[in-house]
Amino acid sequence: MWLIKKSAQFLNKIAIYFRYSSLHCYPIWNLAKNYSQRNIQLVFITVLTICIVSACEDNVKKDAANNSINIYPNLQSQAVRVVKHAMGETKVPVNPQRVIVLGNLENVLALGIKPVGATTLGDGDFPSYLRNETEGIEKLGINGQPSLEKLLLLKPDLILGWSWDREIYDKLSQIAPTVLAGGDITWKEWLRTFAEALGKTPEAEKLLSNYNKRVEAFREQMGDRFSQIQLSVVNFWADQVRIYMKRSFSGLILNDIGMPRPLAQDKNKNSENLSLELIPKMEGDAIFLVLGEGKESKLTQFTNHPLWFQLKAVKQGKVYQVNNDAWIGSWGIIGANRVLDDLFKYLVTDILHHSQVCPSALNSSSRLIAQVH
């Protein structure tokens with residue numbers, strides 16, 4: 001510690017003298033008079049050592065980025081294959097046994113893999129609709145802020161994440177082969193990326209095929225009303241009130257279906273915040289009110305406002321409460337089917353009250369996912 005402190009003091013003085021000498025032509029060699037020869041030698045040895053250590057660390061990072069399987073001693077005897085992802089190419093074990101998931105846990109569960117650890121939503125918990133399936137999974141911090149210490153202790157042989165972890169990719173890659181799904185692709189491609197890394201591509205394609213069949217079934221069940229209903233998606237969360245648009249998770253699902261959106265929400269973006277005077281932007285033939293778990297501080301303020309009672313869906317009793325984790329926070333196949341569940345429940349059921357339509361398409365997401373395994 002003494003040597004490091006001396007080195008820091010010496011380098012700081014060099015910086016000051018260079019700056020001073022450039023302004024006043026002060027000779028830099030005067031600095032040497034203030035230090036003994038032995039001290040100067042020790043300082044330069046320390047600086048040289050730091051340079052060597054830094055160079056070694058850079059080489060380790062490069063090896064991790066190139067992902068030579070040789071840097072993972074516990075994987076040297078395993079068969080591997082190459083997976084392309086947001087950060088390049090990575091050699092992953094053919095049959096990973098200890099998987100870590102840094103976001104999008106549900107896709108891994110849907111593919112039949114239970115990870116040893118995963119990050120959570122911002123509230124420190126897993127999505128509410130997954131809680132029966134997450135027993136025994138170690139919590140590693142919230143999405144985007146994983147605990148590397150906890151992660152390291154779990155000794156993973158594969159790490160799966162999103163591009164929001166790109167800044168720590170080198171560190172993650174020093175622990176285990178790491179695959180990151182890109183941030184500029186859809187939730188379906190994220191599922192496919194994880195599936196490829198896990199050797200579960202056929203299972204992923206079957207999950208997506210089941211999803212597409214449900215989308216078609218919904219269109220058929222809606223009949224002529226399909227093109228006549230504009231769906232509004234409104235989210236109350238903590239102190240925020242938002243309308244969600246075509247680039248949000250539920251918006252992408254409504255795009256797949258082809259459901260019309262109100263003019264204020266028919267935009268190629270994720271969401272917009274609303275104030276009381278902008279309540280008319282919530283207008284729609286049906287409003288899906290996306291709520292969390294009792295954390296909506298502005299809900300009463302908005303739903304008691306005179307402008308709220310002027311909305312068409314409110315007048316006709318077509319405001320439907322749905323789950324925040326699925327409609328907003330999911331970005332996975334299980335959440336997508338939960339959104340479809342709600343659309344069948346509230347829209348198709350309304351038609352069933354007025355006609356003899358077969359309710360066979362009202363399959364739950366859990367049944368469809370179970371068919372894969």
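Glycine 199 comes directly after helix H6 and has a positive phi, near 70°. The model described here is predicted.

**Helix H6**

H6 covers residues 187–198. From the first C-alpha to the last, this helix of twelve residues reaches 17 Å, close to the 16 Å expected at 1.5 Å a residue. H6 is mostly covered, since nine of its twelve residues count as buried. The buried residues of H6 are Trp187, Lys188, Trp190, Leu191, Thr193, Phe194, Ala195, Ala197 and Leu198.

**H6 against H7**

How do H6 and H7 cross, and at what angle? The axis of H6 comes within 8 Å of the axis of helix H7, residues 201–222, and the two cross at roughly 155°. Because of this angle, H6 is roughly antiparallel to H7. On the H6 side, the contact is made by Trp187, Lys188, Leu191, Arg192, Ala195 and Glu196. On the H7 side, Thr201, Ala204, Glu205, Leu208, Tyr211 and Asn212 take part. Sorted by class, this contact has six nonpolar, two polar and four charged residues. Among the H6 residues in the contact, Trp187, Lys188, Leu191 and Ala195 are also on the list of buried residues.

**The sheet**

An open sheet of six strands runs in the order E6-E5-E4-E3-E7-E8, and its pairing is mixed. Strands E6 and E8 stand at the edges with a single partner strand each, so one side of each has no neighbour in the sheet. Strands E3 and E4 pair in the parallel sense over two bridges. Isoleucine 100 stands opposite glycine 117, a residue of E4. H6 packs on this sheet and touches E3, E7 and E8. The direction of H6 makes about 170° with that of E7.

| Strand | Residues |
|---|---|
| E3 | residues 99–102 |
| E4 | residues 117–120 |
| E6 | residues 145–146 |
| E7 | residues 158–162 |
| E8 | residues 178–181 |

**Asparagine 255**

Another helix, H8, spans residues 249–257 and holds asparagine 255. Is asparagine 255 buried, partly exposed or exposed? Asparagine 255 is partly exposed, because its relative accessible area is 33%. In sequence, asparagine 255 lies ten residues from methionine 245. In space, the C-alpha atoms of asparagine 255 and methionine 245 are 9.9 Å apart.

Terms used:
Residues numbered from 1 in each chain as written. Predicted model: local features only at pLDDT ≥ 70, side-chain atom pairs only at ≥ 80, totals over all residues. Heavy atoms only, no water. Axes fitted to C-alpha atoms, helices over the stretch in contact; angles between N-to-C directions. Helix = DSSP H or I, 4+ residues; strand = E, 2+ residues; numbered from the N terminus. Parallel < 35°, antiparallel > 145°, perpendicular 65-115°, else oblique. Contact = heavy atoms within 4.5 Å. Nonpolar A, V, L, I, M, F, W, Y, C, P; charged D, E, K, R; others polar. Buried < 20%, exposed > 50% of the residue type's maximum accessible area, 1.4 Å probe, protein only. Expected span 1.5 Å × (residues − 1). Pairing = 2+ DSSP bridges.
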